[in-house]
Amino acid sequence: MSSVDTLEQFEDLFRKARTLAQQGNQEQAIEVYLQARGLDASHAELNHFIGDSFLNLNRLDEAIAAYEASLQHNPTANWTYYNLAVALFRNKQYKKSTRH
């Protein structure tokens with residue numbers, strides 16, 4: 001598969017997952033997001049949206065891990081820091097949540 005084909009496949013999966021998430025189908029969105037992440041694990045926005053879907057399902061450990069992965073690739077993403085702090089707070093990691 002060429003890099004162009006891989007990029008197109010990634011973009012198609014990313015769009016599909018976003019649509020599923022916006023429709024409230026978080027579990028299905030996560031499945032598709034993870035397929036996309038298999039093509040580009042360093043995509044910060046993708047990891048942020050994976051975190052959002054996990055957060056919406058109250059799967060806090062997974063949300064935290066996704067937000068942290070996102071921040072590794074884009075350490076200036078304010079919304080990701082905010083959502084990470086929310087996930088940490090909900091997970092009763094109060095001290096960690098105040099650092100974000």
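The notes below concern a predicted model.

1. **The D12 salt bridge.** The side chain of D12 meets that of R15 in a salt bridge, with an N to O distance of 2.6 Å. Both residues lie in helix α1, and they are separated by about one helical turn because they are three residues apart.

2. The next two points take up the others.

3. **E27 and R59.** E27 forms a salt bridge with R59, and the closest N and O atoms are 3.2 Å apart. This pair links distant parts of the chain, as the two residues are 32 residues apart. E27 sits in helix α2 (residues 26-37), while R59 sits in the loop between α3 and α4 (60-73). With 43% relative accessibility, E27 is partly exposed. R59 is partly exposed too, at 27%.

4. **R59 and E62.** R59 also forms a salt bridge with E62, where the closest N and O atoms are 2.8 Å apart. The relative accessible area of E62 is 34%, so E62 is partly exposed. Through shared partners, salt bridges join E27, R59 and E62 into one network.

5. **Helices α1 and α3.** Helix α1 covers residues 3-22 and helix α3 covers residues 44-56. Their axes come within 11 Å and cross at roughly 25 degrees. Angles under 35 degrees count as roughly parallel, and α1 and α3 are therefore roughly parallel to each other. The crossing of α1 past α3 is left-handed.

6. **Which residues of α1 meet α3?** They are F10, F14, R18 and A21. On the α3 side, the residues are E45, L46, F49 and S53. Sorted by class, this contact has five nonpolar residues, one polar residue and two charged residues.

7. **S53.** S53 belongs to helix α3. Is S53 buried or exposed? S53 counts as buried, because its relative accessibility is 1%. The cut-off for buried is under 20%. If neighbours within four places in sequence are left aside, S53 is in contact with A21, Q26, A29, I30 and Y33. Of these, A21 is among the α1 residues listed in the contact with α3.

8. **T80.** T80 is placed in helix α5 (residues 78-90). T80 counts as buried, because its relative accessibility is 3%. Which residues are in contact with T80, leaving aside its neighbours within four places in sequence? They are H48, Y67, S70 and L71. T80 and A44 are 36 residues apart in sequence, and their C-alpha atoms are 9.3 Å apart in space.

Notes. Residues are numbered from 1 along each chain as its sequence is written. This is a predicted model: local features need pLDDT of at least 70, side-chain atom pairs count only at pLDDT 80 or more; totals for chains, interfaces and linings use all residues. Side-chain values use heavy atoms; hydrogens and water are left out. Axes are lines fitted to C-alpha atoms, for helices over the stretch in contact, and angles run from 0 to 180 degrees between N-to-C directions. Helices (H or I, at least four residues) and strands (E, at least two) are DSSP runs, numbered from the N terminus. Angles under 35 degrees count as roughly parallel, over 145 as roughly antiparallel, 65 to 115 as roughly perpendicular and the rest as oblique. A crossing is left-handed if the near helix is turned anticlockwise from the far one by less than a right angle, and right-handed if clockwise. Contact means heavy atoms within 4.5 Å. Ala, Val, Leu, Ile, Met, Phe, Trp, Tyr, Cys and Pro count as nonpolar, Asp, Glu, Lys and Arg as charged, and the others, Gly among them, as polar. Buried means under 20% relative accessible area, exposed over 50%, partly exposed in between (1.4 Å probe, protein chains only). A salt bridge is a side-chain nitrogen of Lys or Arg within 4 Å of a carboxyl oxygen of Asp or Glu.
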